[in-house]
Amino acid sequence: MKESSVTELANAVTEEEATITIGDTTYPVSELSDQVKEMLSLHQEASHMALGAKRQAAIHDLAVQSIAAMIEKAVTETEE
């Protein structure tokens with residue numbers, strides 16, 4: 001049975017070596033010290049957490065705007 005092109009692509013991606021580029025130099029992650037690998041892991045986790053926090057802030061901002069609009073509507077309806 002022939003593999004799909006998506007499966008072939010996934011296999012190619014997983015076989016590609018991870019690298020990090022600093023300035024103009026690219027380093028294979030496999031050759032970095034354990035300490036640097038741990039820092040890279042922490043950096044990646046912190047980046048994901050920061051993105052999640054930004055999304056949560058956007059959701060909270062929308063909720064605040066929605067509730068403010070509901071308050072305004074309720075107040076103006078009671079005045080009529």
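Thr26 is located in strand β2, which spans residues 25–28; strands here are DSSP runs of E with at least two residues, helices are runs of H or I with at least four, and both are numbered from the N terminus. The model is predicted, so local features need a pLDDT of at least 70 and side-chain atom pairs count only at pLDDT 80 or more, while totals for chains, interfaces and linings use all residues. Residues are numbered from 1 along each chain as its sequence is written, and side-chain values use heavy atoms, with hydrogens and water left out.

Thr26 has a relative accessible area of 45% and is therefore partly exposed (buried means under 20%, exposed over 50%, and partly exposed in between, with a 1.4 Å probe and protein chains only). Leaving aside neighbours within four places in sequence, Thr26 is in contact (heavy atoms within 4.5 Å) with Thr19, Ile20 and Thr21. With Thr21 there is also a polar contact between the two side chains, at 2.9 Å. A polar contact is a pair of N or O atoms within 3.5 Å; within protein, one must be able to donate a hydrogen and the other to accept it, and residues adjacent in sequence count only if both atoms are side-chain atoms.

Ser30 is found in the loop between β2 and α2. Because its relative accessible area is 49%, Ser30 is partly exposed. Not counting residues up to four places away in sequence, Ser30 touches Glu17 and Lys37. Glu17 and Ser30 are separated by 13 residues in sequence and by 8.0 Å in space, C-alpha to C-alpha. The side chains of Ser30 and Glu17 make a polar contact at 2.5 Å.

The protein chain as a whole contains 2 helices and 2 strands, arranged along the sequence as α-β-β-α. Of its 80 residues, 1% are buried. The average pLDDT, the predictor's confidence in each residue on a scale from 0 to 100, is 87, and 81% of the residues score at least 70. Confidence is lowest in helix α1 (residues 5–15), with a mean of 58, and highest in helix α2 (residues 34–79), with 95.

The accessible surface of the chain is about 7,300 Å², 60% of which belongs to carbon and sulfur atoms; areas come from the Shrake-Rupley method with a 1.4 Å probe, and for residues only the protein chains shown count as cover. Met70, in helix α2, counts as exposed because its relative accessibility is 56%.
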